[in-house]
Amino acid sequence: MTLQIYNTMSRTKENFVPQEPGKVKMYVCGPTVYDYIHIGNARPVIFFDTVRGYLEQTGHEVNYVVNFTDVDDKLIRKAEQLGTDVPHVAEKFIAAYYEDLEGLGIPKASSNPRVTENMPLIIDFIRELVEKGFAYENGGDVYYRTGKFEEYGKLSKQNLQELQFGIRIGVDERKEHPEDFVLWKAAKPGEIYWSSPWGDGRPGWHIECSAMAREYLGDTLDIHGGGQDLQFPHHECECAQSEVLTGKPLANYWMHNGFIRIDNEKMSKSLGNGVLVKDLRTQYKREAIRYFMLSTHYRNPLNFTEDTMEQAQNSVDRIANAVGNLKHRLQAVTVDQDITAEFAAKLEQIRQQYHEKMQDDFNTPDAITALFEWAAEANQLLQKEVVNAAEIRALLELFSELNAVLRIYTDAEPELLDEEIERLIEERTEARKSKNWARADEIRDELSAQGILLEDTAQGMRWRRK
């Protein structure tokens with residue numbers, strides 16, 4: 001099997017061949033840290049973590065860089081609202097970002113460079129563009145000469161003539177042409193600034209990623225990722241800036257995830273329908289959030305509703321129950337012999353299904369289907385009166401492999417029951433022994449109301465939290 005990735009640049013699936021065998025350089029545009037991240041920010045966070053995880057599972061060493069934009073207009077406005085300064089705003093929301101990552105069970109990137117910590121290299125990058133004639137200064141601002149880069153528009157498949165009529169092109173008399181974009185902004189009175197050859201100011205948005213990608217990963221990335229909204233102008237401008245200096249492609253593979261809608265409406269501040277990750281985490285298990293994000297192909301739009309989240313929760317519970325039942329049954333099994341060739345073939349078929357789907361442009365919805373095939377196999381095994389311990393272990397080992405990347409199940413230790421719940425469980429056990437079924441059922445309902453589900457199995461009673 002060969003991993004194929006849909007490359008936004010070519011609009012086709014291509015065989016993935018890293019520049020250096022066994023090593024992958026991946027840069028994903030990170031958050032502007034002026035607020036808590038919302039569900040739209042979470043989609044690339046979860047998806048590209050899955051990409052990294054699968055690449056590592058298949059033997060690659062991944063250098064995964066996600067930047068922080070810790071200075072821009074939004075941070076300046078937020079600092080004014082909070083009566084503080086930009087660095088304090090950035091620190092507050094970077095800490096919140098890491099807290100959300102931990103809450104979602106996502107490890108940090110290899111590095112998270114910040115704009116403010118890389119200002120000299122950003123200024124040097126702009127200076128090189130000016131010296132080569134691709135940028136010009138006017139009134140303390142520096143602009144990129146878009147028309148001088150003949151391939152401008154190749155990523156978004158637009159041309160300059162079309163862009164001149166685009167609604168996203170701002171009118172600015174200081175520009176030589178309307179489609180030129182800013183590399184350096186002169187500081188306004190009272191704003192945070194850095195000194196530069198063109199006066200005090202701060203960088204434009206697009207230049208920071210070009211400079212940091214080159215600094216941390218080199219001239220050409222294996223994979224450059226981000227949300228669909230970044231294709232234009234952000235990634236288009238990155239191409240223009242980087243490639244005129246290096247003479248090389250900025251990235252060999254461009255990946256963009258689709259938008260998230262809320263109840264079939266575009267998520268926007270004007271509609272007030274944004275969903276913050278920190279709030280979502282209080283309502284749903286992180287496994288359900290991850291399942292929801294991965295249950296639709298990353299390039300397709302994703303619709304968030306309470307119903308879809310409940311379905312996601314039910315789905316991860318179904319998987320968790322199969323795992324829990326296997327582990328519980330294993331404790332009482334006495335037969336332990338080699339698995340049959342037929343059983344081994346079934347497991348290998350599930351493993352191959354998972355890898356074939358992941359190799360097909362990270363088709364996570366169909367890869368998750370392999371987990372449900374696994375659950376069906378597990379449940380079928382558990383219906384037998386006599387079960388082979390080796391078969392249970394083989395199933396659990398396969399699940400561990402499949403779940404290592406998808407991570408829609410977490411093998412957590414159960415929480416300790418408080419004394420009252422322990423007393424009720426003991427009382428119910430005694431009620432069943434004395435055939436007081438009414439009291440036993442009453443206790444079961446009482447525990448259920450407290451979020452404790454009891455399951456009577458051939459091996460005894462077991463419990464789990466809702």
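**A tour of the predicted model**

A search of the whole structure finds zero disulfides. The model is a predicted one.

**Stop 1: two cysteines**

Select Cys29 and Cys209 and show their side chains. How far is the sulfur of Cys29 from the closest cysteine sulfur? The distance is 3.9 Å, and the closest sulfur belongs to Cys209. A disulfide needs the two sulfur atoms within 2.5 Å, so the sulfur of Cys29 is too far from that of Cys209 for a bond. Seen from the other end, the closest cysteine sulfur to Cys209 is the one in Cys29.

**Stop 2**

Next, select strands S4, S3, S9 and S10. In that order they form an open sheet of four strands, with parallel pairing. Colour S4 (61–66) and S10 (251–257), which stand at the edges. Each has a single partner strand, so one side of each is left without a neighbour in the sheet.

In general, strands of a sheet pair through backbone hydrogen bonds, either parallel or antiparallel. Zoom in on S9 (residues 221–227) and S10. How many bridges join S9 to S10? There are six, and the two strands run parallel. For one example, pick Gly226, whose bridge partner in S10 is His256.

**Stop 2: the helix across the strands**

H7 lies across both strands and runs at about 155° to S9. The helix is mostly covered, with 16 of its 16 residues buried. Step on to Gly247, which follows H7 and has a positive phi, near 70°.

**Stop 3: two packed helices**

Last, select helix H4 (residues 119–131) and helix H6 (residues 205–217). Two packed helices are described by the angle between their axes and the distance between the axes. For H4 and H6 the angle is about 105° and the axes are 9 Å apart. The two helices are therefore roughly perpendicular to each other.

Now show the side chains where they meet. From H4, the residues include Leu121, Phe125 and Leu129. From H6, they include Ile207, Ala211 and Met212. What kinds of residue make up the contact of H4 with H6? Eight are nonpolar, one is polar and four are charged. Glu128 in H4 and Arg214 in H6 are among the residues of this contact.

How values were computed:
Residues are numbered from 1 along each chain as its sequence is written. This is a predicted model: local features need pLDDT of at least 70, side-chain atom pairs count only at pLDDT 80 or more; totals for chains, interfaces and linings use all residues. Side-chain values use heavy atoms; hydrogens and water are left out. Two strands pair if DSSP finds at least two bridges between them. Contact means heavy atoms within 4.5 Å. Axes are lines fitted to C-alpha atoms, for helices over the stretch in contact, and angles run from 0 to 180 degrees between N-to-C directions. Angles under 35 degrees count as roughly parallel, over 145 as roughly antiparallel, 65 to 115 as roughly perpendicular and the rest as oblique. Ala, Val, Leu, Ile, Met, Phe, Trp, Tyr, Cys and Pro count as nonpolar, Asp, Glu, Lys and Arg as charged, and the others, Gly among them, as polar. Buried means under 20% relative accessible area, exposed over 50%, partly exposed in between (1.4 Å probe, protein chains only).
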